[in-house]
Amino acid sequence: MEVTQQILQQLVNGISLGSIYALIALGYTMIYGIIKLINFAHGDIYMVGAYIGFFAITQAHLSIVPALLISFVVTGILGMVVEKLAYKPLRHAPRISVLITAIGVSFFLEYTSMYFVSPTPRTFPAMFGDVAVTVGGIVINGQQMLILGITAVLMVILTYVVQKTKTGKAMRAASFDTETAQLMGIDSDRIISITFGIGSALAAVAGVLVGVYYNSIDPLMGIMPGLKAFVAAVLGGIGILPGAVVGGLILGVVEAFVSGFVSSTFRDAAAFAILILVLLFKPTGLFGKNTKEKV
Amino acid sequence: MASELLKATDVSEVFGGLKAVSDFNVHIDRGELVGLIGPNGAGKTTAFNLFTGVYQPTTGEIVFDGKSIVGLKPYQITQRGIARTFQNIRLFSELTVLDNVKIAFHFHVKYGLLEAVCRAGRYFREEEEIEAESMKLLEIFHLEKQAGELAKNLPYGAQRRLEIARALAAKPKLLLLDEPAAGMNPQETKELMEMISWIRREFGLTILLIEHDMSLVMGICERIYVLEYGTIIAQGTPEEIRKDPEVIRAYLGGEA
Amino acid sequence: MKYLRKNDFIMLGFAVVLFAVLQGLISGRVLNSFWQLNLLIVGINVIMSVSLNLINGYTGQFSLGHAGFMAVGAYVGVVLTTNFHAPFAAALLAGAAAAGFLGFLIGIPTLRLRGDYLAIATLGLGEIIRIVIMNIQYVGGAAGFKGIPHHTNFAWVFFLMLFALFFIKNFVNSTHGRACLAIRENEIAAESMGINTTKYKVMAFTIGAAFAGVAGGLFAHCFYIINPASFTFMQSFNYLIMVVLGGLGSITGSIAGAFVVTFISAALASWPEFRMIIYALALILLMFYRPQGLFGYMEVTNMGIFRRIFRKGGHN
């Protein structure tokens with residue numbers, strides 16, 4: 001009984017953490033899907049989102065929902081600005097140049113933030129006190145409920161946008177084949193910009209939620225979650241939205257189990273081990289299709 | 001038979017339920033110049049990919065020089081003596097014309113890693129030989145003046161010639177040419193065909209070539225296979241092919 | 001062709017003169033200890049960047065895990081010298097062998113992957129190596145390994161760097177190196193020219209990893225303590241930046257890249273809060289205006305002024 005309970009508790013923890021990875025992974029996978037760029041700066045966008053939420057709560061004394069909204073919008077715009085300034089001029093450049101630029105953008109966001117907000121971690125104000133629900137001995141605290149609730153709402157909205165709206169259809173077309181989409185009258189620059197906007201906004205929400213969950217944020221907090229979200233995206237099949245969500249959840253659960261039952265120092269190694277196993281046995285990810293280069 | 005160089009027996013290739021090539025039977029004797037023609041999407045390039053190990057046949061047997069080559073990797077098949085060119089040119093575009101040819105000598109080189117790094121032993125002698133032989137090949141294809149240029153900067157026709165030169169540097173017994181004249185003007189095509197006939201005699205080669213341009217194939221090939229929808233619908237001398245009702249139907253459309 | 005050996009001797013001559021000058025500056029205490037250390041770091045970074053260039057620039061396989069192999073070389077080295085009092089040369093050799101062997105083991109399965117996938121897999125492997133070291137208490141875990149003898153001096157760094165440069169230069173200018181170039185240019189065509197692409201990819205990866213191991217050994221013996229935090233993927237990024245800055249596929253470029261990056265970050269050390277911001281902006285601007293790096297595919301021996309000295313044939 002003890003063991004089952006522990007397992008279920010870790011499952012809850014893992015799904016909460018996994019939801020955050022999923023939110024970041026969605027942006028990663030959308031951006032990769034459309035311009036084939038591993039946006040190393042995506043984790044730093046998430047960090048900026050966390051800080052915007054932090055200042056909205058502590059300086060403007062807003063409650064969590066308006067803070068999330070502000071962070072969503074401002075970070076979304078930041079994502080679009082970054083794309084316009086740093087990536088758009090390199091649309092036809094070799095992939096490695098764009099990748100190096102992404103690393104540059106990542107450093108820039110990290111260290112500019114560090115300059116303005118100081119490298120010391122900030123303590124996120126406690127939002128929920130001791131609100132918690134206990135179901136059969138398993139504790140689901142307020143933060144976890146918030147994470148699960150917000151993530152679920154965002155997934156529903158994103159699915160609607162991508163599947164039903166004109167913009168969403170254009171996004172799917174562009175990620176399938178940018179050039180053909182352009183020939184069909186889709187303004188691919190606009191679509192890429194919107195993709196960055198949505199992806200960054202989702203990451204911002206994840207950032208604020210992590211602040212609420214772990215109570216602490218710092219300018220380098222985005223590096224590891226950023227990489228792991230990429231792992232999640234690869235695990236689900238890069239470019240596939242449901243894949244990113246499933247990948248994120250799996251990763252969160254595995255991490256929770258590794259830190260709960262093995263050792264928390266191996267937590268990060270677990271993520272990368274999953275990555276390598278996926279790449280070796282199903283490089284296209286759980287939901288991906290195989291393609292072969294034509295000779 | 002000793003004179004048989006390549007023989008494919010009942011070869012089929014299935015891609016996810018779609019038969020790209022089925023019941024494919026071809027044999028090429030030593031010294032022959034054989035053409036493989038057919039409409040777009042008939043499976044000509046697939047056949048080449050099967051002979052060179054890029055694809056593995058779903059069923060059937062391919063024997064080259066008396067031994068089966070099914071299951072071998074492309075580089076192993078090249079080492080057995082089949083070299084090819086590509087329909088969509090695949091040069092080493094950021095390297096010089098000379099280096100493109102030198103690379104193809106790779107598996108004939110005997111000096112090892114240690115000799116290369118220490119620049120000792122056979123290194124200098126072999127490198128000199130490779131350079132000399134490469135230049136000789138470039139001269140044959142009128143590319144010697146461009147030896148130091150990057151391959152990507154060559155005009156289209158010269159790139160096609162370089163691909164053939166590179167394939168020859170691998171010293172093959174059988175040369176597979178995938179639409180060598182594609183995109184060339186009639187004058188260039190004519191020169192290329194003369195060149196192919198000449199190198200065949202000079203190097204004692206066997207050649208299988210895919211071509212779109214019927215007149216051209218008819219001009220130089222001794223024997224022709226016609227492929228449609230992945231099956232061979234006719235074979236014979238150019239004269240026989242020209243009169244074959246199946247071929248006329250496949251090329252001109254309509255009912256036979 | 002007969003100028004080849006002569007070229008090598010001219011190069012070696014230059015190198016010896018350069019060594020004498022720099023060693024003189026060190027022995028005469030013209031350089032303070034800060035710049036002396038930076039001189040060692042430059043040499044080590046040259047080994048790192050030129051070996052990464054073999055993998056990324058010449059063979060076209062995108063590796064982001066180079067710091068992991070460096071870590072292996074460093075830890076194997078310090079365990080041998082500190083705990084077993086092995087001679088420095090033996091420790092370096094063992095570190096290179098261990099890193100090379102690991103590169104070989106990792107290379108066989110992962111080099112099937114292409115492009116971004118390989119990049120992210122090697123990044124992950126580099127991190128796994130670091131995390132595993134962090135969890136080995138025998139080598140001090142996350143706190144680091146203490147009490148390392150200070151074996152690394154300028155002569156060691158300089159001559160091993162020279163060895164790495166000559167090794168990779170000669171490799172690249174042989175049929176083996178051309179096989180690697182062919183893989184970078186067009187893997188399918190390379191294979192159809194009779195090149196065993198897997199073999200050469202693994203070979204380049206192994207050689208690169210082994211040199212990273214040497215660099216790791218040298219690096220570790222510059223300090224009293226090393227810890228796993230020195231070998232994160234950020235460090236791998238740094239080496240990648242050196243290679244790209246100098247020019248993928250140029251040995252001259254790797255040397256220049258290592259120099260520029262090391263000295264810029266040393267020069268900016270007095271403004272720590274701006275250092276990384278300037279570095280980041282420089283990186284982005286470089287990609288905008290000179291994506292092929294400082295040298296592109298060029299080598300210094302191919303350039304006008306040096307032509308006269310070297311009287312070039314097809315090789316260098």
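In what order do the four strands of the open antiparallel sheet of chain B stand? The order is 2-1-4-5, where strands are DSSP runs of E of at least two residues and helices are runs of H or I of at least four, numbered from the N terminus. The model is predicted, so that local features need pLDDT of at least 70 and side-chain atom pairs count only at pLDDT 80 or more, whereas totals for chains, interfaces and linings use all residues. Residues are numbered from 1 along each chain as its sequence is written, chains are lettered from A and ligands numbered from 1 in the order in which they are written, and side-chain values use heavy atoms, without hydrogens and water.

Eight bridges link strand 1 (residues 4-15) of chain B to strand 2 of chain B in the antiparallel sense. B:Phe15 has B:Leu18 in strand 2 as its bridge partner. Helix 1 (residues 44-51) of chain B lies across strands 1, 2 and 4 (59-64) of chain B, at about 115° to strand 1 (axes are lines fitted to C-alpha atoms, for helices over the stretch in contact, with angles from 0 to 180 degrees between N-to-C directions).

A six-stranded open sheet of chain B has the order 6-7-8-3-9-10 and mixed pairing. Strand 6 (82-84) and strand 10 (231-236) of chain B are its edge strands, each pairing on one side only. Strand 9 (residues 223-228) and strand 10 of chain B run antiparallel and are joined by five bridges; B:Val226 stands opposite B:Ala234 in strand 10.

Between chains C and A, the contact (heavy atoms within 4.5 Å) takes 38 residues from chain C and 42 residues from chain A. The buried area, that is, the accessible area (1.4 Å probe) lost on putting two parts together, summed over both, is about 3600 Å², with 84% from carbon and sulfur atoms. C:Asp116, C:Tyr117 and C:Ile120 supply 16% of the area that chain C buries against chain A, more than any other three residues. One salt bridge is found across this interface, defined as a side-chain nitrogen of Lys or Arg within 4 Å of a carboxyl oxygen of Asp or Glu. C:Asp116 forms a salt bridge with A:Arg95, with the closest N and O atoms 2.6 Å apart.

Key
Pairing = 2+ DSSP bridges.
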